[in-house]
Amino acid sequence: MKSLNDIQIVSAKGESCGEGGGCCGSSVETLQATGLTEAIQERYSRVAERGANNEIIDTSCCGNASDLYSEGTLQTVTTQAAGASAGCGNPVGIADVNKGEKVLDLGSGGGIDCFLAAQATGPEGHVYGVDMTHEMLKLARENAAKLDAQNVTFLLGKIEAVPLPDDSVDLVISNCVIALAPDKHRVFEEIHRVLKPGGRFVVSDVVSTTEIPDSAREDMAEWVACIGGADLQTRYLERITETGFERTTVLTDNPFSSDRTDDAWRASLRSVTVRAYKPG
Ligand SMILES: C[S@@+](CC[C@H](N)C(=O)[O-])C[C@H]1O[C@@H](n2cnc3c(N)ncnc32)[C@H](O)[C@@H]1O
């Protein structure tokens with residue numbers, strides 16, 4: 001990894017798109033962090049603060065909440081949760097969440113997908129959101145209080161070491177987070193550990209169909225934008241099988257919202273939503 005002192009996150013279009021942005025490198029901003037975890041926390045703290053302050057986030061280079069969720073859906077959560085949305089899919093929309101289920105959201109951010117899942121589980125179910133960024137956790141808890149979402153709990157933690165017991169949830173969701181993890185195999189092992197036998201995960205993530213060059217992999221600015229850490233799609237699906245999941249299905253497969261296509265590998269970035277089951 002190159003030093004991150006004063007590194008600039010360059011627009012996915014190669015031009016300034018203003019402040020803000022979510023998972024897709026749409027902003028030019030300065031990071032002070034020198035380690036990957038700290039860089040991720042720094043970037044998503046800023047996203048949380050802008051969501052909390054109702055600041056308009058210029059997402060002209062990439063997706064925003066209204067690209068991923070219907071207007072009616074967004075009206076059921078706070079504007080701050082929608083404003084901090086930094087996903088690349090809508091896993092809850094296709095996860096067929098059942099009443100009474102226990103759901104875990106990995107990298108829950110401002111909580112948007114937790115609140116949508118909690119509507120589907122009803123009060124007899126429960127949703128846990130795990131995130132390592134304090135500002136995101138604070139925002140998510142404020143949003144939960146505003147929505148009086150009593151069946152949602154936000155936990156501070158890392159997706160590589162989920163603070164929940166074995167065999168404890170029916171469904172794991174995640175939205176544009178596993179691409180940020182250097183050890184994806186460990187994350188899938190954690191998903192496998194916390195799922196009940198027969199449970200499933202439905203995760204949206206960034207992958208590529210052409211190898212991402214080392215220069216991008218080693219660039220922390222690309223990494224925190226969910227690009228440098230994106231797996232080759234075939235590798236991503238192999239990891240899932242290697243971890244012991246079955247019936248893996250790619251439910252959605254769309255071009256990643258960045259429209260910078262000057263390199264073949266960049267043009268090959270995809271936003272996919274994948275479902276797989278822990279054997280019963
Ligand atoms: C791109 S945002 C997505 C947030 C949310 N899922 C959404 O759709 O709006 C990534 C989130 O994952 C969190 N995150 C990234 N890596 C993490 C890790 N290893 N453990 C826990 N949280 C992580 C970040 O703090 C941030 O809130």
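Modeller: A residue is called buried if 20 or more other C-beta atoms, placed from the backbone, lie within 10 Å of its own, exposed if there are 12 or fewer, and partly exposed in between. Helices (DSSP runs of H or I, at least four residues) and strands (runs of E, at least two) are numbered from the N terminus. By these rules, helix α6 has Glu 135, Met 136, Leu 137, Leu 139, Ala 140, Asn 143 and Ala 144 as its buried residues. The model is a predicted one, in which local features need pLDDT of at least 70 and side-chain atom pairs count only at pLDDT 80 or more, while totals for chains, interfaces and linings use all residues. Residues are numbered from 1 along each chain as its sequence is written.

Colleague: What covers the buried residues of α6?

Modeller: The cover includes α1 (36–52), α4 (79–83), β4 and β5 (152–156), where cover is judged by contact, meaning that two C-beta atoms placed from the backbone lie within 7 Å.

Colleague: How do you know that the length of α6 is close to the expected one?

Modeller: The expected span is 1.5 Å times one less than the number of residues. Helix α6 (residues 134–147) has 14 residues and reaches 20 Å from its first C-alpha to its last, close to the 20 Å expected. Helix α1, with 17 residues, reaches 24 Å, which is again close to its expected 24 Å.

Colleague: Why is Cys 176 called buried?

Modeller: Cys 176 counts as buried because it has 26 C-beta neighbours inside 10 Å, and the rule asks for 20 or more. Cys 176 is found in the loop between β6 and α7 (184–194).

Colleague: What makes the phi of Cys 176 worth a remark?

Modeller: Most residues other than glycine have a negative phi. In Cys 176, a residue other than glycine, phi is near 65°, a positive value.

Colleague: Why is Arg 247 called exposed?

Modeller: Arg 247 has 9 other C-beta atoms within 10 Å, so it is exposed, given that the limit for that word is 12 or fewer. Arg 247 belongs to strand β9 (residues 246–255) and, although not a glycine, has a positive phi of about 55°. Leaving out residues up to four places away in sequence, Arg 247 touches Ala 276 and Tyr 277.

Colleague: And why does Thr 209 count as partly exposed?

Modeller: Thr 209 has 14 other C-beta atoms within 10 Å and is therefore partly exposed, since that class lies between 12 and 20. Thr 209 sits in the loop between β7 (195–208) and α8 (214–217), and beyond its neighbours within four places in sequence it is in contact with Gln 233, Ser 268 and Arg 270.

Colleague: Why is β7 described as largely enclosed?

Modeller: Of the 14 residues of β7, 11 are buried, so the strand is largely enclosed by the rest of the structure.

Colleague: How do you know that β6 and β7 pair?

Modeller: Two strands pair if DSSP finds at least two bridges between them. Strand β6 (residues 169–175) and β7 have six bridges in the parallel sense, and Ser 174 stands opposite Val 203 in β7. In the parallel sense too, β3 pairs with β4 (residues 126–131) over five bridges, where Asp 105 has Gly 129 as its bridge partner.

Colleague: What makes β3 a strand with both faces covered?

Modeller: In a regular strand the side chains alternate between the two faces of the sheet. On one side of β3 are Lys 102, Leu 104 and Leu 106, on the other Val 103 and Asp 105, and all are buried.

Colleague: Which residues of the largest nonpolar core touch the most other members?

Modeller: A nonpolar core is a set of buried Ala, Val, Leu, Ile, Met, Phe, Trp, Tyr and Cys residues joined through C-beta atoms within 7 Å. Among the 79 residues of the largest core, those that touch the most other members are Phe 115, Ala 117, Leu 171, Val 172, Ile 173 and Val 206. Apart from neighbours within four places in sequence, Phe 115 is in contact with Val 77, Ala 81, Leu 147, Ala 149 and Val 152.
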